[in-house]
Each structure stands twice: as structure tokens, then as C-alpha cells.
Amino acid sequence: MKKEDEKRQQLTQQVDLDVSGEEAFLMRANNTTKKLTGKEKAKQMMEKMGWGGKGLGIDEQGITTPLIHQKTSKTAGKIIQS
């Protein structure tokens, strides 16, 4: 329990909890964290699972470039380049 209390105390010292709701909103709005695009997010997820930029599979024999698709309607599409 003592370690948890020390950790909680350190966290509260690092964060200024004495701010109004408006100030907290502005601080969050000014946060400069970059949102990932779809491709970046997919790459990040694959890297977390051990992918290193080569083909998928035990012998890395899979394709290395993504499939390119084209939407044909609201709910359908076709692969135009593989």
C-alpha cells in the first residue's frame, strides 16, 4: 500500500489539479498530440504484433505492398492493384 500512496502523491504533484473547468478544457484543446491517419495506425498496430516491413507469413513470403481499392458504391468496392 505504501508504494501506491507514494505513486499517487507523485502524480498529484506533477499535475496541477487546482484549475477551473474552462482552464482544463483549454489545456486539453491546446494539447498537441498528433492523431494518426488510417495507414499510420495500421502500421503501428502491425509493428506492435512483430511486423518489420517485410512480407507476412512464417517465411516472409507474403505481399509487401498494400492492396489498392476503389469504391464502386456506398457499400462495395473492387481491388484495382495488387
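**Entry 1: the overall layout.** I counted three helices and two strands in the protein; these are DSSP runs numbered from the N terminus, helices being H or I of at least four residues and strands E of at least two. Reading from the N terminus, I get the order α-α-α-β-β. I noted that this is a predicted model, where local features need pLDDT of at least 70 and side-chain atom pairs count only at pLDDT 80 or more, while totals for chains, interfaces and linings use all residues. Residues are numbered from 1 along each chain as its sequence is written, and side-chain values use heavy atoms, with hydrogens and water left out.

Entry 2: I looked up how much of the protein is buried, and the answer is 1% of its 82 residues. Buried means under 20% relative accessible area, exposed means over 50%, and partly exposed is in between (1.4 Å probe, protein chains only). The protein exposes about 8,400 Å², and carbon and sulfur atoms supply 54% of that. Such areas come from the Shrake-Rupley method with a 1.4 Å probe, and for residues only the protein chains shown count as cover.

**Entry 3: a salt bridge.** How many salt bridges does a search of the whole structure find? I found one, using the rule of a side-chain nitrogen of Lys or Arg within 4 Å of a carboxyl oxygen of Asp or Glu. The partners are Glu-47 and Lys-43, at 4.0 Å from N to O. They sit four residues apart in helix 3, so about one helical turn separates Glu-47 from Lys-43. Glu-47 is partly exposed at 44% relative accessibility, and Lys-43 is partly exposed at 46%.

Entry 4: Is Ile-63 buried or exposed? Ile-63 is exposed, at 58% relative accessible area. Together with Leu-67 and Ile-79, Ile-63 forms a nonpolar surface patch of about 310 Å² of accessible area. For nonpolar patches, I used side chains of Val, Leu, Ile, Met, Phe, Trp or Tyr joined within 5 Å, from residues with over 30% relative accessible area and no salt bridge; like charges would be joined within 9 Å. Glu-60 lies in the loop between helix 3 and strand 1 too. Its phi is near 55°, a positive value in a residue other than glycine.
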